[in-house]
Amino acid sequence: GQWSLDRQLLNWTGDVDNAVGAFWGANESWAVAASGALDARWRQCLRTIYRKWYAKRTIYIRFAHEFNGNWFDWSVNASNVNDFKIAWRRFHRLVQEELVAKNKSAKLSWSPNDGGVLPAEQMWPGDQYVDVISVDMYDWWPIRTPQNWN
């Protein structure tokens with residue numbers, strides 16, 4: 001999502017929502033992230049956000065968005081949920097250090113998908129580590145009917 005911060009979007013001075021993936025590839029996992037091995041890359045991501053801030057007021061960072069689905073490398077399931085929570089807390093600390101402590105208004109958004117491999121409540125990292133909850137939900141119209149949407 002940082003490519004979108006390269007554009008000033010005309011005279012936009014409002015808040016920005018930015019989805020930030022957690023990791024990619026077979027050699028990365030929530031266990032690797034929980035160990036701190038991805039901190040340097042995550043810190044660089046946040047420094048990029050800081051450099052490209054422009055006049056936006058608040059940035060909402062949807063870290064590891066849709067984590068409870070099974071379509072991203074950062075999918076959370078029963079075997080890695082504890083590592084996810086530890087890694088989330090690490091990322092939260094980095095947001096505080098790289099953005100909030102430098103007087104930037106940054107909010108960490110916990111963004112599960114509506115539905116998933118585990119109930120989202122089991123993936124909650126703790127109240128003090130989440131600023132905003134934003135659930136991704138799709139109706140898949142016209143594939144779904146109004147009856148099964150309800």
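Student: Which strands does helix 3 lie across, and at about what angle does helix 3 run to strand 3?

Tutor: Helix 3 (residues 81-98) lies across strand 1, strand 2 and strand 3, and runs at about 170 degrees to strand 3. Helices (H or I, at least four residues) and strands (E, at least two) are DSSP runs numbered from the N terminus. Axes are lines fitted to C-alpha atoms, for helices over the stretch in contact, and angles between N-to-C directions run from 0 to 180 degrees. This is a predicted model, in which local features need pLDDT of at least 70, side-chain atom pairs count only at pLDDT 80 or more, and totals for chains, interfaces and linings use all residues. Residues are numbered from 1 along each chain as its sequence is written, and side-chain values use heavy atoms, with hydrogens and water left out.

Student: How many helices and strands are there, and in what order do they come?

Tutor: The protein has 4 helices and 4 strands. Read from the N terminus, they run β-α-α-β-α-β-β-α.

Student: How are the strands arranged in the sheet?

Tutor: Two strands pair if DSSP finds at least two bridges between them. Here the 4 strands form an open sheet in the order 1-2-3-4, with parallel pairing. At its edges are strand 1 (16-20) and strand 4 (132-133), each of which pairs on one side only. Strand 1 and strand 2 are joined by 5 bridges, and alanine 19 stands opposite arginine 62 in strand 2. Strand 2 (residues 58-63) and strand 3 (residues 105-110) pair over 4 bridges, with isoleucine 61 opposite leucine 108 in strand 3. Helix 2 (residues 39-51) packs on this sheet, touching strand 1 and strand 2, and its direction makes about 155 degrees with that of strand 2. Contact means heavy atoms within 4.5 Å.

Student: Which residues of strand 1 are on the covered face, and which on the uncovered one?

Tutor: In a regular strand the side chains alternate between the two faces of the sheet. In strand 1, Val16, Asn18 and Val20 form the covered face, while Asp17 and Ala19 form the uncovered one.

Student: How do helix 2 and helix 3 pack?

Tutor: Their axes are 10 Å apart, at an angle of about 40 degrees. Helix 2 and helix 3 are therefore oblique to each other; angles under 35 degrees count as roughly parallel, over 145 as roughly antiparallel, 65 to 115 as roughly perpendicular and the rest as oblique. Helix 2 contributes Asp39, Trp42, Arg43, Leu46, Arg47 and Tyr50 to the contact, and residues from helix 3 include Ala87, Phe91, Leu94 and Glu98.

Student: Is isoleucine 49 buried or exposed?

Tutor: Buried means under 20% relative accessible area, exposed over 50%, and partly exposed in between (1.4 Å probe, protein chains only). Isoleucine 49 is in helix 2 and has a relative accessible area of 1%, so isoleucine 49 is buried. Its C-alpha atom is 8.5 Å from that of leucine 99, 50 residues apart along the chain. Of the 150 residues in the protein, 43% are buried.

Student: What is the relative accessible area of glycine 115, and where does glycine 115 lie?

Tutor: Glycine 115 is in the loop between strand 3 and strand 4. Its relative accessible area is 41%, so glycine 115 is partly exposed. Glycine 115 and glutamate 66 are 49 residues apart in sequence, and their C-alpha atoms are 9.5 Å apart.
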